[in-house]
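Good morning, colleagues, and thank you for the time on the agenda. Please have the sequence and the structure in view.

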Amino acid sequence: MTRLLLIVCALAFFGLGFDASGPPDVGASEAFAQEHGAETAADAEDAHAEGEEEHGDDDEAHGAGELHLDGGDLGLIWVVPFVGILLSIAIMPLVMPQFWHRHFGKVAAVWALCFLVPFALLFGWQLAVFELLHVALLEYIPFIILLGALFTVAGGVRVTGTLKGTPIVNVAILAIGTAIASLMGTTGAAMLLIRPLLNANENRRHKVHTVVFFIFLVANIGGSLSPLGDPPLFLGFLKGVSFFWPTTHLFFPMLMVSVILLIAYYILDVTLFAREGGLPASDKGEAEPAERLGLEGKINILLIGGVVAAVLMSGIWRPHIEFLVYGVHVELQNLVRDLILIGLAFLSLHLTNSESRKRNGFTWFPILEVAKLFAGIFVTIIPAIAILRAGTDGALAAVVSAVSDNGQPNDIMYFWLTGILSSFLDNAPTYLVFFNTAGGNAETLMTELSSTLVAISAGAVFMGANTYIGNAPNFMVRSIAQERGVPMPSFFGYMVWSGAILIPLFIVVTFVFL
């Protein structure tokens with residue numbers, strides 16, 4: 001199978017041909033920070049790098065001679081490996097489940113090489129090494145450290161007692177998660193509550209719908225009210241959007257979408273619960289006396305607060321100290337953040353009873369699966385993001401140009417294009433592209449063009465729920481649930497859920513608010 005994938009890559013690049021425009025200029029240029037799915041901490045790199053562009057003199061002092069990939073030099077053929085890895089994630093678990101379970105990391109590595117090898121041959125190994133280090137040091141490693149820290153710390157929180165998955169209990173967990181996602185981030189809220197939700201529904205026959213709605217609400221839409229909630233809003237905050245602007249301007253769209261989803265979930269869960277005949281005898285407390293509700297590993301709640309504080313610190317503290325690694329600028333505040341997150345994870349492991357983690361269903365497989373697959377995704381998405389960032393000079397010029405009508409912003413197109421691209425190319429860099437396309441002036445966007453900023457923000461945050469890779473916690477939630485025995489839908493199967501439920505709802509958002 002590995003050989004087959006290599007043959008496909010070779011045919012794609014050498015049979016269909018390279019872009020004829022030649023390699024990019026590797027002279028004096030800026031190094032962009034592209035954040036691909038990392039929760040707020042890692043995404044802060046992107047906004048900072050974008051902001052640094054506005055101070056050309058400062059960059060000239062230390063940025064001359066840096067390598068730089070110009071997305072305008074890339075054709076859409078370079079997106080083939082990214083599409084390939086997505087199709088592998090979507091199809092191979094269905095047609096080759098045993099092979100996929102054993103070799104998904106190797107498949108991801110093959111697709112990464114399908115981009116890197118031809119890229120190095122055409123553009124030079126120096127630029128290939130630079131892009132690989134750039135994506136590793138500024139994007140992938142911070143992403144995995146943050147996700148791993150939250151996975152470890154939240155995995156030490158165990159709800160004890162007879163919390164059972166009735167429709168009322170389930171909708172309450174979803175509502176609480178939606179409410180706290182803007183305070184602790186969608187990843188933090190999702191990692192904190194997914195295991196209690198799965199434990200409560202352990203003996204339910206129908207569970208898939210519960211996890212799917214959990215991804216919709218807790219892992220995405222709930223994070224739309226503050227910069228701490230979701231990466232795009234944090235980037236907007238770093239670009240000058242006031243901290244409470246999302247709270248005041250996205251509250252009613254978020255409220256409408258959340259309430260409709262909670263009502264729809266409740267009706268669906270009540271129906272399925274009735275078909276199941278209610279709770280099994282053991283869940284009704286007939287087999288053993290009811291245990292009082294409580295929490296084990298309470299210290300981890302404080303550690304999650306530490307994670308949030310470390311993320312916020314990396315976006316606010318600017319010591320202007322950085323380390324140069326083959327042209328990649330690694331800033332001190334981000335190193336400090338990552339070290340704090342690693343320390344908090346180890347502290348959680350030390351302070352939490354191992355038996356409690358075991359009873360919580362905690363294993364390392366979900367984070368290992370995400371780490372391997374997203375390593376390939378982060379590498380193969382490099383050309384896709386570069387093309388998008390090239391704006392009207394890139395292969396997606398028609399898409400970027402569609403957001404303007406005779407020089408005036410088209411809010412509906414901003415909403416849908418930001419959302420659709422966020423579903424596949426990660427919502428953080430997509431938000432920045434359209435933020436800058438709309439003028440990039442935070443003061444103007446918050447006042448005269450506030451409806452445009454609402455469209456961009458809502459599109460990036462809401463539609464991150466459309467696919468498993470649209471936002472950082474989506475795939476992690478899916479992996480945890482699947483490892484616990486929930487038969488989660490495939491990549492395309494999940495899109496059937498989001499297409500049937502979310503897309504009509506987003507059409508309503510378009511008519512009501514845009």
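The protein chain contains 24 helices and six strands. Please bear in mind throughout that this is a predicted model.

Let me begin with the overall picture. The protein chain has 514 residues, and 57% of them count as buried. As for contacts between residues at least 6 apart in sequence, 82% join residues that are at least 24 apart.

I turn now to the salt bridges. How many salt bridges does the count come to? The count comes to five, and I shall discuss some of them in detail.

Consider the pair D269 and R204, whose side chains form a salt bridge with an N to O distance of 2.8 Å. D269 belongs to helix α12, which covers residues 251-275, while R204 sits in the loop between α8 (186-200) and α9 (208-217). The two residues are 65 residues apart, and the pair thus links distant parts of the chain. Are D269 and R204 buried or exposed? Both are buried.

R204 has a further partner. It also forms a salt bridge with E276, where the closest N and O atoms are 2.7 Å apart. Because R204 lies in the loop between α8 and α9 and E276 lies in the loop between α12 and β2 (294-296), this pair ties together parts that are 72 residues apart in sequence. E276 is buried, as is R204. Taken together, R204, D269 and E276 are linked in a network of salt bridges.

Let me move to another pair, E369 and R478. Their side chains meet in a salt bridge at 3.2 Å, N to O. Which elements does this pair link? E369 is in helix α16, residues 365-380, and R478 is in helix α23, residues 472-483. The two residues are 109 residues apart, and here too the pair links distant parts of the chain.

Why do we call E369 and R478 buried? The cut-off for a buried residue is a relative accessible area under 20%. E369 has a relative accessible area of 4%, so it counts as buried. R478 has a relative accessibility of 7%, and therefore R478 counts as buried.

To close, I return to the network of salt bridges that links R204, D269 and E276, and to the salt bridge between E369 and R478. Thank you for your attention.

Note on methods: Residues are numbered from 1 along each chain as its sequence is written. This is a predicted model: local features need pLDDT of at least 70, side-chain atom pairs count only at pLDDT 80 or more; totals for chains, interfaces and linings use all residues. Side-chain values use heavy atoms; hydrogens and water are left out. A salt bridge is a side-chain nitrogen of Lys or Arg within 4 Å of a carboxyl oxygen of Asp or Glu. Helices (H or I, at least four residues) and strands (E, at least two) are DSSP runs, numbered from the N terminus. Buried means under 20% relative accessible area, exposed over 50%, partly exposed in between (1.4 Å probe, protein chains only). Contact means heavy atoms within 4.5 Å.
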